[in-house]
Amino acid sequence: MSEGAAAAHDVLLVGGGAAGLRAAIAIAETNPELSVAVISKVYPMRSHTVSAEGGAAGAIAEGDTLDEHAYDTVSGSDWLCDQDAVEAFVQEAPRELLQLEHWGCPWSREPNGRIAVRPFGGMKNMRTWFAADKTGFHMLHTLFQTSLKYADIVRYDEWFVTRLLVDDGRVHGVVAFDLMTGRIEVITAKSVVLCNGGSGKVFPYTTNAAICTGDGMALAYRAGAPLKDMEFVQYHPTGLPFTGILITEAARAEGGWLLNKDGYRYLQDYDLGKPELTPVLRSMELGPRDRLSQAFVKEVEKGRTIESPYGPIVHLDLRHLGEKLIETKLPMVRELCLQYERIDPVKELIPVRPVVHYMMGGVHTDINGATPIAGLFAAGETACVTINGANRLGSNSLPECLVFGARAGYAAAEYAGSAQPPPAVVMRQADDELRRIDQIRSGDRGAERIADIREAMQSTMEDSAGIFRSGDSLTKGVDQLADLQLRLQRIQLSDETRVFNTELVAALELANMLDIAECMLQSALQREESRGAHQRTDFTTRDDTRFLNHALAYRDPDGGVKIERSPVTITRWPPGERVYGR
Amino acid sequence: MADKIYMVVSRYDPDRDSKPTTAAYEVPLRRDWAILDGLNYIKDHVDTTLSYRWSCRMGICGSCGMNVDGEPKLTCATFLSDYAPGPVRVEPLSNFPVVRDLVVDIDDFMEKLPRIKPWIIRDDDVTVIDGEYLQTPEELAEYKQFSNCINCMLCYAACPIYGLEPDFIGPAAIALAERYDLDTRDRGQRERLDVLIEREGVWGCTFVGECTRVCPKHVDPAGAIQRYKLKAAQENVKAFLLPRGAR
């Protein structure tokens, strides 16, 4: 091990989804002399971008403006976004989506051959590009296939990164192991970009894939970088109850209704506008996700939801849209319902409930993806720039991956051009890490099981930091997580085989998730107000005097979480009331 | 319906076993449980050493392909109750080297994929500043189904030719080549044909059609292979009649 690194690159992208691949292509196109590598725990085309359905926002339609996209995003964020980042984002999103078009993305079209756009929640104009309702899938495969054109991009498929090598405030690479062989290696890099997605799996019911375990956030946090605004967790209002499979917001954008047990469009009772037969932008079912998920909880409290084996549900009604529209614009919704619920939305109501969907928070970065650690960048859901603030609007996350993936890629390439080779001290860190992993792998430490701790963590998070939280629920959650951290030290691993040891991966993922979960609870506990997706039953209103600022969660030397606050950047839209449907 | 079902699962530990064995596990039989839920139950509660791939659990990431009672399936989209009373057999996909338990080595496919140049090839210098390429819904429909491949490898597992002739470039890769050929934005037909016209390109296929039958996303690789054979045959005729530059 000490003889040196297995491989050395200029830029290492951790994660091969939309942000990582966009960054890789950006560097390959502009700095072909740099050595670029993508390392991911799955093959790139398996990344969670693949599951995104509804679309990607970029103002191109006649009558739409960048300012309106920016205002929708700012008000959607409950004014917690940084407006300089939003302005850059709305300006660059159309160009990035157009770039995907040139790379072959099969965007849905108007009869005249132009790009088609659809309405989306919280958006005042039609500006969401879509590829039927498999937008993420098509974007990811387009990016992956285009990346193959650049044969010099090195890929480490199915490698799990366990640690960032950081010395004196600078990143120098990673320690990772190859699932196929179990070999642990050092891969040095002058700059590292974290783009390995969100952490929905800390919660029990989520649209997120099994791989969404917050690995990038945990790596950065342990290396000393702060995680920003971790208390803001997005519940998507329409997931399938058992599986958590997402029924896209596009289903409501195309005219779907949310009905309670009386067949009543209950959103009209929550200051979201009046029910109309056809969809009205920024109104009713096209309100923002935080408000819709909160309305669901209120309906549960009023006893107006339907009981199911997986808790209370409401119905999504698409029947009046007709088979033809559903087949052309929402084919995957129908496919998923038929396959996983054995119901046909053309003729039947779809049972739905809010499920955890997206982390607004993430690794704190500037507008170019740079973290406070020199050479370390982040982009996509892993990162928090932030354009999303307290609540992300649907169809902003895919273009966010492109815009800030490209920006982080360019910035990481520029940094790499001037960085020094890694100092010898990082190889000693690598030796420590190798010993740590070996210890976990061969450890005979107790009788605790991974699955038990994971399930306890998930129910702790749902109970303490769900759609509504309180000081009491959060404090209780903090205590329970502390107990789970102790139990984690006593887990028993049974798998002694090096090759494709998924038990070891699960143990490391669990450790990542527990750290992330702690940051979420501490950040939520210290935000004594209600804003966007963070709703406190003991502090029910927004408090701009105390909390129009970001929470930065740092890891204490003793392992605890320390919260600092940093200002929100306001350029042109002073804080105001969020108005929907009136 | 009984409330339990036996899953007979293929096990292989390269450190210890000379060849795969099987193990039987009793799992709850629930109406909404997929084969994958059964495997996750085993992994979480019975034997934590069981190894397999999965991720999205909604039939789009392509990770969880396995043979279920001998048929290649996405295990997240295949239900235990359809195999009641059981037992149901779960094995790694055929035609690939087994790495461990239900995990197969798909490096061969990953190496073949770039050979068919699955990206837009142009012979001009159009950039994004020139705006979008126009493409009507009808033109999109021409290639759309071929663009729905999730690389799950079920078609390779079902393909009798790939089993016998590993150099055969295979159904998904050929379908993807056809996807780009049919895209009005692309000019790379000639380059792809040069690859596929080789012996191990399309010619291995004897049109069994298993690939199309097992595809969980209703892609038609067999149709793509037929179209390529026609293109290749026409090319051969042209090669007789015309010098290369005139083709």
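## A first look at chains A and B

Helix α1(B) lies across β1 (4–11), β2, β3 and β5 (88–91) of chain B, at about 95° to β2(B). Here, contact means C-beta atoms, placed from the backbone, within 7 Å; helices (H or I, at least four residues) and strands (E, at least two) are DSSP runs numbered from the N terminus; and angles run from 0 to 180 degrees between N-to-C directions of axes fitted to C-alpha atoms, for helices over the stretch in contact. This is a predicted model, in which local features need pLDDT of at least 70, side-chain atom pairs count only at pLDDT 80 or more, and totals for chains, interfaces and linings use all residues. Residues are numbered from 1 along each chain as its sequence is written, while chains are lettered from A and ligands numbered from 1 in the order in which they are written.

**The sheet of chain B**
- Five strands make an open, mixed sheet in the order β2-β1-β5-β3-β4, where pairing takes at least two DSSP bridges.
- Antiparallel strands β3(B) (residues 65–68) and β4(B) are joined by four bridges, and Met66(B) stands opposite Lys73(B).

**Two helices of chain A**
- The axes of α2(A) (residues 66–76) and α3(A) (residues 83–102) come within 9 Å and cross at roughly 135°.

**Where the chains meet**
- Chain B gives 42 residues to the contact and chain A gives 43.
- On the chain B side, α3(B) provides the largest share, three residues.

Notes: Two residues are in contact if their C-beta atoms, placed from the backbone, lie within 7 Å.
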